[in-house]
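Welcome to my notebook. I picked a few spots to look up, and you are welcome to follow along.

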Amino acid sequence: MNPPSLPTMSELGPSPLSTGNDQLSVEAARAAIAAALHPITETETLPLTAALGRILGADIVSPISVPAHDNSAMDGYALRGSDLRADADTVLTVTGTVHAGDVPDFETATGQCVRIMTGAVMPAGLDTVVPQELCRAADGVVHIAAGTVRPGDNRRLQGEDLRAGHPALTAGQRLRPADLGLIASLGIGEVTVRRRLRVALFSTGNELRTLGQPLDAGCIYDSNRYSLMGALARLDVEIIDLGLVRDDPAALAATLDEAIARADVVLTSGGVSVGDADYTKDLLASRGDVAFWKVAMRPGRPFAFGPLHRGEGRTPAWLFALPGNPVAALVTFYAFARDGLLQLAGAKPQPLPALRARCTTAIRKRPGRTEFQRGIVSPGVDGQWEVRLTGTQGAGVLRSMSEANALVVLGHAQTSVAAGDAVDVWLFDGLV
């Protein structure tokens, strides 16, 4: 399937994608990315113990009802609801005991009950359980005060959790610990999952040095690759680390071709994202239909996205080219690449974990762009969530990102924030 064409800066003009100042809004960029991408289709079968975090590739249809029988939700006494009296104590004779795992093969008459344990199968004809602590039992007789329970109380019905033949989980679910337990409860030991998305990652820049190299004058260590590898690991993708590439046409071409050949996604930070060098644009133009965008956001702004072709009949590799500033690289990853990678991997939409919090300080903001500020969310003295900024918000101040536990998201049309105003925040817990 051919991907739809992507808007270039020259095509923006007065279109709805434009912010009016030759820039794309964050919302429009996200929408354009979502419209272009289609999930991978390849699957594999894994043992249940190896499936945590993977994307389910086919519905899990329950072969059994869960629970398989009506059973007791309490330790207590099983009885007929019709025996309960509304005007006086109900007095019942205890005729037996049923433990979890037993199959009761006896009958119970009106005026009788049985001792029953949590999870035990309800004997035929009995439909109510009174918890043991809510009644008096002595010498084989149980006394239940009027109004203690109602008919049908404390009974779990057959198929209450799942019905045989119905989906227990649907394709696209990212498998969590509880999902593994649910699948195991059905007696299923293997699952079909989408194969892992392959993401090739490299940084570009003559000023960058990799770990272990001496730090020459005017140079800095490459931090983006390590931040982005951490963000990718949270998405459970296969990471292909292609290292650090100098701003050299031949070196960049060789690395890019390797990435295109090996990966579903090419993720870069640095010079490729800006595309200000003619050879960079020419290089990408010869390999795909990459759109260079200026996004109305801070930090961020320069961003490139598009398909890199791999030959007739093959799906493209998708380029997400991020800015080189450390904070901008992470913010644009969360704003654009994260959802795109999940979509390509076949996952159901997973909205960013967000909440509203009271801002403890004023923030200057002009409309016309989305701003992402680093913040620390905590409960206030009144128990309500509040957020304070981490300090200097420059795009190169990675420490501010390390100290934060959330991003304060100030929307495109939003103006300045006063202390005490509620703001949107993206929580790092679950995001990073």
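Here are my entries, spot by spot.

Before starting, I noted that this is a predicted model, where local features need pLDDT of at least 70, side-chain atom pairs count only at pLDDT 80 or more, and totals for chains, interfaces and linings use all residues. Residues are numbered from 1 along each chain as its sequence is written, and side-chain values use heavy atoms, leaving out hydrogens and water.

**Arg194.** I found Arg194 in strand E12, residues 190–194 (strands are DSSP runs of at least two residues, numbered from the N terminus). Arg194 is buried but has no salt bridge (buried means under 20% relative accessible area with a 1.4 Å probe, protein chains only; a salt bridge puts a side-chain nitrogen of Lys or Arg within 4 Å of a carboxyl oxygen of Asp or Glu). What is the nearest side chain of opposite charge to Arg194? I looked it up: Glu42, 7.6 Å away. A polar atom of the Arg194 side chain does lie 2.6 Å from the backbone oxygen of Ile40.

**Ala168.** Next I went to strand E11 (residues 167–169), which holds Ala168. Ala168 is buried, as its relative accessible area is 17%.

**Leu215.** Last, I visited the loop between strands E14 (208–209) and E15 (220–221), where Leu215 lies.

How values were computed:
Helices (H or I, at least four residues) and strands (E, at least two) are DSSP runs, numbered from the N terminus. Buried means under 20% relative accessible area, exposed over 50%, partly exposed in between (1.4 Å probe, protein chains only). Lys and Arg count as positive and Asp and Glu as negative; His and the chain ends are not counted. A polar contact is a pair of N or O atoms within 3.5 Å; within protein, one must be able to donate a hydrogen and the other to accept it, and residues adjacent in sequence count only if both atoms are side-chain atoms.
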